[in-house]
Amino acid sequence: MRNKGAIRLLAILFALVSLYQLTFTYVTKSVEKEAQEFGAGDIKKEQAYLDSIRGEGVYNFLWIKDYTYKECKELEMNLGLDLKGGMNVTMEVSVIDIIKAMANNSKDETFVAAIEKAKAMQKDSQKEFVVLFGEAFESINPNAQLSSPNIFGTLEMKDKIPFGASNAEVLKVIKKEADAAIDNTFNILRSRIDRFGVAQPNIQKADVSGRIIIELPGIKDAARVRKLLQGTASLEFWETYSANEVTQYLNAANEKLAAINTMAEPAEVAKEATKEEVKEEAKDEDVALLDKIEETAKDSTADLNEKEIAKKYPLFSVLNPTQRGSSKAVVGMSHIKDTARVNQILAMPAVQSVMPRNLKFFWGVKSIDKGGNVFELFAIKVTSRDGKAPLDGDAVTSAREQIDQNKAQAEVSMSMSGEGAKVWARLTKDNIDRAIAIVLDGYVYSAPNVISEIKGGQSSISGNFTIAEAKDLANILKSGKLPAPAHIIADEVVGPSLGQESIQKGMWSFIIAFVLVLLYMFFFYSKGAGLTANIALIANLFFIFGVLASLGAVLTLPGIAGIVLTIGMSVDANVLIYERIQEELKGGKGLSLAISDGYKNAYSAIIDGNITTLLTGIILYLFGEGPIKGFATTLVIGIFSSLFAAIFITRLIIEGSLKRNRNITFTTKFTDNWLRNAKIKFLEKRKVFYVISGIAILVSIGSLATRGLNQGIDFTGGRTYVVAFDQDVSVEDISKSLETVYGHAPEVKTFGGDSQVKITTKYKIEESGNDVDDEVEELLYTGLQPYLNGASKTDFLENNRKMSQKVGPTIADDIRQSAVWSILFALIVIFLYIMLRFSNWQYGLGAIVALAHDSIIVLGIFSLCYGWLPFSLEVDQAFIAAILTVVGYSINDTVVVFDRIREYIGLHPKRDRVEVVDSALNSTLRRTFSTSLSTMVVLLAIFLFGGTSIQGFTFALLVGVVVGTYSSLFIATPIAYDTSLHVSKVIAKKK
C-alpha cells in the first residue's frame with residue numbers, strides 16, 4: 001500500500017481530533033455529577049451550582065487554553081429531545097399579517113379576495129405566500145395596481161413604493177420586507193429563548209420560508225413556553241433616571257434590608273431576639289425572602305467573609321452599583337446567576353417603600369463581558385398616568401443601518417410617522433443629555449443619549465456599533481411597524497422519564513448489537529482477520545462520535561439506530577475484502593499478493609455500493625426534518641468513517657502483521673466451505689420468482705387500495721399524547737371517557753404495555769393559539785381523571801404525560817409532499833448513477849424495478865399487518881427514513897452483484913451468458929449471507945431492546961433487508977438479463 005505514512009498520520013490525527021471533541025462531553029458530565037452531589041436531589045441547588053461556575057474555567061487543554069463550563073457545554077455532544085426530554089416547536093411567521101400591515105389593513109375588494117385565494121392555493125402549493133398572493137391578485141383583476149393609494153401606495157410606504165410602480169416591483173418590496181420581518185422575528189425568538197434558562201437551546205430557520213424550528217431541552221411547562229413564544233413583540237421608548245439620581249435609593253434599600261437582617265447583640269439568644277424584633281417591622285414576604293437568601297448563603301460554596309458581606313449588604317452583594325456621578329441610565333451590574341435574586345429583592349414591599357413610584361428596572365438584553373455572565377440594570381422613569389411608555393413601536397415607519405461618513409462608524413437611521421414625530425420631538429426636548437431606553441419584551445436593547453431636540457421624525461442612533469449590531473438594532477426598531485406574529489404549527493413534548501428510558505434502551509440495543517457483530521466476525525473470519533475487522537469497527541464507532549461532536553450535530557434515537565445500522569453495514573466492506581482475498585488464495589497466490597489483489601479487486605464494489613447509500617443519505621438530509629435529519633447525519637458520517645476504517649486501518653494492521661511474519665487466516669474450519677461452491681440456477685428459475693413477487697405485489701397493492709395505511713399525524717395532522725398510568729387500563733374505556741369531553745372518540749392504542757396508551761385526536765387542529773392548545777390539554781386531563789388516582793394537572797403534565805405532539809394541517813401537507821419527492825428523487829438519482837457507472841441502462845432498470853418491488857412489499861406488509869401486531873405500524877417521517885434506508889441497502893446489495901457480473905463477463909466473454917451470470921451470482925452468496933446476517937442481527941437487537949418508540953421503524957428495516965436481499969438476487973439481475981436479451985433480439989431482427 002502506498003503512502004502508508006500519510007495514512008497512518010491521518011488516522012492518528014483523526015483519532016486525536018475525535019478524542020479532543022469528546023473530552024468536552026466528559027468534562028461537562030463530570031461537572032454536572034459534582035452539581036448533583038452538591039444539590040443532593042434539590043434541582044434548584046444543582047442549577048445554582050452550575051450557574052455559579054458558568055464563566056469559570058473547568059478544563060485546561062494542554063495548558064494552551066482554559067475552557068469555561070459554558071464553553072464546554074456548547075462544545076459537548078448534543079442529545080436530541082427524545083433522549084433527554086424537552087420540547088420541539090415549529091413556528092410559522094404570519095406573512096399574511098405582514099402583507100395586511102403593509103397595506104394598513106386595506107379593505108380593497110381585489111386585495112381582500114387575493115389574500116383569501118392565496119390562502120386556499122397555499123394548501124396545495126410549495127410556493128411562498130408572497131408569490132401566491134401576486135398570482136391571485138393578477139388572476140382576480142389583471143388591470144388592478146398594487147401601488148394604488150388604497151392598497152400599498154400609502155404615505156408610510158412612499159419611500160419604498162413610488163407612485164405607478166408595477167405589480168412585480170411592489171411584490172419585490174413586499175418580499176424584502178417580509179424577509180426582514182421574518183429575520184427580526186427569528187432574532188426576537190432567539191433572545192426570548194436565551195432567557196428560558198435551558199441548557200443548549202437550539203433555534204434555526206427551516207428550509208420552508210417563514211418557518212422556525214426551536215428545541216428546548218428539559219422544558220416541563222409547555223403551556224408557558226407556548227405563551228412566551230407566541231406573544232406579540234412589544235417595542236417601547238422610555239425615559240430614564242441617571243445612576244446619580246438612583247444611587248441614593250439603592251443605598252436606602254440596602255440599609256433597610258441590612259437592618260432587617262442584622263443582629264444587634266453578640267449572644268446567640270439575644271441575636272435571635274433582636275433579629276425577630278427588627279423583622280416584626282418588615283412584611284412577611286420580605287422576611288421569607290431574606291431567610292431564603294440566608295439559607296442559600298449557608299449552602300453556597302462561598303467563604304465566611306462573603307457570607308458576612310451578604311448579610312451586611314443584601315442588595316449590593318448581588319448587584320454591583322454604578323459609581324456616583326454617572327449620568328448614564330445603568331445603575332448596576334450583576335452576574336447572570338444573581339439577576340433573579342435582584343429582581344426578587346427590588347420587588348419586595350420594604351424596598352418599594354423607599355423607591356419613587358415612577359421608578360422601574362429593566363435588564364439589558366446582552367451581556368457586557370466575553371463570558372456572557374454580566375448584565376447591566378437600567379433605571380426607567382414612568383411619566384404617564386397609565387404607566388405605559390410615552391412612545392411605542394407603531395410610531396416607527398422605517399429603520400436601517402448605515403455608516404456615519406464623518407466618524408466612519410456604524411449607526412442606525414430611524415424614521416417616524418407624523419404623530420410619532422411630534423411625541424418624539426417632545427420626548428427628546430425634555431431629555432437632552434439624558435438617555436432614552438429602547439425596550440423590547442421588557443429588555444433594554446439600547447439606551448442612547450439625546451444630544452438635542454429631534455424634529456421631523458428623522459433620527460440617527462450611534463454608540464460604537466459594529467455593522468452587525470447596527471443591523472440588529474434596526475431590525476428591532478422595525479418590529480413595531482411590521483408585526484409578524486409567529487404561530488406554533490407543530491410541537492412535540494418529550495417527558496424526561498421517557499427520554500431517560502430511551503437512553504437506556506437505546507444504549508442496551510447498541511451494546512448488544514455491537515457485541516453480536518464482534519462475535520460474528522470472530523466466528524466467521526477467524527481470530528486474526530476477525531480481530532482486525534473488530535478493531536476497525538471500534539475505531540469507526542469512535543470516529544463517528546468524534547465527528548458528531550465536532551459538527552455540533554444532535555444525536556437522536558433514530559440517530560443511534562443509524563449508527564448501529566452503519567456498524568452492521570460497515571461489516572460489508574470487510575466482508576467484500578476478505579472474500580476477495582480468500583478467492584485469490586484459492587487461486588494459488590501467495591498471502592502478500594493475495595491481500596494486495598484482494599483489496600484492489602474489492603474497491604469497485606465497495607465504492608459503488610457506498611456511493612448509492614450515500615446518495616440516499618444525502619436525499620434524506622435534504623428533504624427530512626428533525627429525527628430524519630439526525631438519522632441521515634449519522635448515516636452519512638458512518639459511511640465515510642466506515643470506509644476509512646475498513647479500507648485503510650485494516651490494511652495497516654494486516655500489513656504490519658505480515659512484516660512481523662505472523663500468519664493471518666481469513667476463515668475458520670467451520671466456515672471455510674460454507675456456500676463456497678454453490679450451483680444455484682438463478683436465471684433458470686427466474687419465472688418462478690417473477691410469479692412469487694407478482695403475487696406479493698398484487699396482494700400489497702390490493703391491501704393498500706382497500707385497507708390503506710395507518711398514517712401518523714405527520715401526514716394527516718392532529719395531536720398525539722403518550723400517557724402512562726399506575727395501573728393497566730382499557731383502550732376502549734379511555735376512548736369512551738375522552739369522547740365525552742372532545743365530542744368525538746379519539747384513536748387510543750396500547751403503547752409499550754397495558755399501562756401506557758397513545759391517544760390521537762384532531763380536535764380543533766385547524767385552529768391555532770395558546771388558548772386552543774391549553775383547552776385541548778385541559779380536556780385531556782379532565783377526560784382521564786378517573787384513571788389518574790387523584791393526580792393534579794401539574795403532576796399529570798410532568799409525570800403521566802410522557803410525550804405530546806402536534807402537527808398542523810399545513811405542515812402535514814408539506815411533510816407528505818416532501819416524503820413522496822424524496823423517494824422519487826432517490827430512485828431517479830440511483831437509476832442515473834447505475835446507468836452511468838455500468839454504461840448500460842438495463843442495469844439501471846433492473847435496479848429500479850427491484851427498488852420499486854421492495855418499497856411496494858414493505859408498504860403492503862405495513863398495510864396488511866397494522867392493528868394485528870403488538871406494536872405501532874404508523875406511517876410517519878421515520879417510516880419514510882426506513883423506506884429510503886431500505887432503498888440504500890438494497891441498491892448496495894444489487895450493485896455488488898452487478899459489479900461481479902460485469903467482472904465475470906469481462907473474464908469470460910465467449911462463455912454462455914446464463915452460465916456466466918449464474919456463476920457471478922453464486923460467487924457473491926458468501927458475502928450476501930455475511931452482510932445480511934450481520935445486519936439482521938443488529939436490527940433484531942434494536943427491535944427487541946430499543947424501546948417501543950422505534951419498533952415500527954426497525955420492523956420496516958428488518959422486512960426491507962429480507963426483501964432487499966431477495967430482490968438483488970432474484971429480481972434485479974433477471975430483469976437486467978431479460979431486457980438485455982430482448983434488446984439483442986430486436987437488434988438482430990433489424991439486421
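Which charged end sits over the ring of Y599? It belongs to R651, and it lies 4.7 Å from the centre of that ring. Keep in mind as you explore that this model is predicted.

**Charges over rings**
- R651 places its charged end over the ring of Y599.
- R707 does likewise with the ring of Y866, where the distance to the ring centre is 4.3 Å.

**Aromatic pairs**
- The count of aromatic pairs comes to 32.
- One of them joins F725 and Y787 edge-to-face, with 6.4 Å from centre to centre and 75 degrees between the planes.
- This pair links distant parts of the chain, as its two residues are 62 residues apart.
- F725 lies in the loop between strand 20 (718-724) and helix 24 (731-742), while Y787 lies in the loop between helix 25 (770-784) and helix 26 (793-800).
- F725 is buried because its relative accessible area is 7%, under the 20% cut-off.
- Y787 also counts as buried, at 19% relative accessibility.
- Elsewhere, ring pairs tie Y520, F524, Y525, Y578, F666 and F929 into a cluster.

- Helix 5 (residues 95-102) packs with helix 7 (residues 129-140) at an angle of about 55 degrees, and their axes are 10 Å apart.
- That angle is why helix 5 is described as oblique to helix 7.
- The crossing of helix 5 and helix 7 is right-handed.
- Where they meet, helix 5 brings V95, I96 and I99, and helix 7 brings F129, V130 and F133.

Notes: Residues are numbered from 1 along each chain as its sequence is written. This is a predicted model: local features need pLDDT of at least 70, side-chain atom pairs count only at pLDDT 80 or more; totals for chains, interfaces and linings use all residues. Side-chain values use heavy atoms; hydrogens and water are left out. Rings of Phe, Tyr and Trp (its six-membered ring) pair if their centres lie within 6.5 Å; planes under 30 degrees apart count as stacked, over 60 as edge-to-face and the rest as tilted. Helices (H or I, at least four residues) and strands (E, at least two) are DSSP runs, numbered from the N terminus. Buried means under 20% relative accessible area, exposed over 50%, partly exposed in between (1.4 Å probe, protein chains only). A charge sits over a ring if NZ of Lys or CZ of Arg is within 6 Å of the ring centre and within 35 degrees of the ring normal. Axes are lines fitted to C-alpha atoms, for helices over the stretch in contact, and angles run from 0 to 180 degrees between N-to-C directions. Angles under 35 degrees count as roughly parallel, over 145 as roughly antiparallel, 65 to 115 as roughly perpendicular and the rest as oblique. A crossing is left-handed if the near helix is turned anticlockwise from the far one by less than a right angle, and right-handed if clockwise. Contact means heavy atoms within 4.5 Å.
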